[in-house]
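Visitor: Please take a close look at a single part of this model and describe it in one connected account.

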Amino acid sequence: MRLLTTATLTAAFGVTVILAGTHSSPAAAPKPAASNVVKKPTASNAALITQGKAVANSNGCNSCHTATYSGKKGFSPSIRSTGVTKQYTLATWERMMNTGVTEDGGHVAKPMPVYRMSAKDSAPLYAFMKSLK
Ligand code: HEC
C-alpha cells in the first residue's frame, strides 16, 4: 500500500524521490520450524520443545490424554515418546495432526479431534511429545 502510494506520487510529480532510511523492508518471514529433523532435546531444540508444550496446552491435549500425556486406560492412548508417538515419524505425525490419518493409514476415531494443524505447530508438538520419555 505504502509502496504503491510512493510509486503513484513519483509518477504524478515525475521525479524520483529517494527516501533514504524510510524504506520499510517486508516483515520478516516467519522462521520455518527449527528443523525437519526432530532430534533429542538439546539446547538448540529446547525452544522447539517449549513451543510444542504451549501448542499442547492451547489445544487441550491434556484434557483427554491426561496431564502427563500418558493416556487414560480404556479411553485415550499415551502420546508420550514411549506411547503411540513412538510409531510416528515427523512426517506421519504432521499428516495425522493435519488430517486425522494415522500412522498405519487408518483414521483417528472420535472423540480425538481432527485438528487441521499446520506443520508450524505440529512439528514443535512432535518435539515436545518426543521429549517425554
Ligand atoms: C476430546 C479428547 C481428545 C483430545 C482433546 C485430544 N485427543 Fe488425541 N485421542 C483421543 C482419543 C479418544 C484417542 C483414541 C482414538 C482412536 O483410537 O482412534 C486419541 C488418539 C490420539 C493419537 C493416536 C492416533 C493413533 O495413531 O491411533 C494421537 C497421536 C493423539 N491422540 C494426539 C493428540 C494430540 C497431540 C492432541 C492435542 C493437540 C490430542 N490428541 C487431543 C482423545 C483426544
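**The loop between α4 and α5**

Guide: R116 is found in the loop between α4 and α5; helices here are DSSP runs of H or I with at least four residues, strands are E runs of at least two, and both are numbered from the N terminus. The model is predicted, with local features requiring pLDDT of at least 70 and side-chain atom pairs pLDDT 80 or more, while totals for chains, interfaces and linings use all residues. Residues are numbered from 1 along each chain as its sequence is written, and side-chain values use heavy atoms, without hydrogens and water.

Most residues other than glycine have a negative phi, and most peptide bonds are trans. R116, not a glycine, has a positive phi near 55 degrees. P111 also belongs to the loop between α4 and α5, and the K110 to P111 peptide bond is cis, with omega near 5 degrees.

M112 (SD) and H65 (NE2) coordinate the iron atom of the ligand at 2.0 to 2.1 Å; donors are N, O and S atoms within 2.8 Å of the metal (3.2 Å for Na, K and Ca), and sites may look incomplete because water is not among the atoms. M112 is in the loop between α4 and α5, and H65 is in helix α3 (residues 61–65), 47 residues apart. The six donor atoms around the iron atom subtend angles of 87 to 180 degrees, so the arrangement is octahedral (six donors, opposite ones over 155 degrees apart and all others between 65 and 115).

The axes of the flanking helices, α4 (residues 90–99) and α5 (residues 119–131), come within 9 Å and cross at roughly 120 degrees; axes are lines fitted to C-alpha atoms over the stretch in contact, with angles from 0 to 180 degrees between N-to-C directions. The contact (heavy atoms within 4.5 Å) involves L90, W93, E94 and M97 of α4 with A119, S122, A123, L125, Y126 and M129 of α5.

Methods
Tetrahedral: all angles 85-135°; square planar, octahedral: opposite > 155°, others 65-115°.
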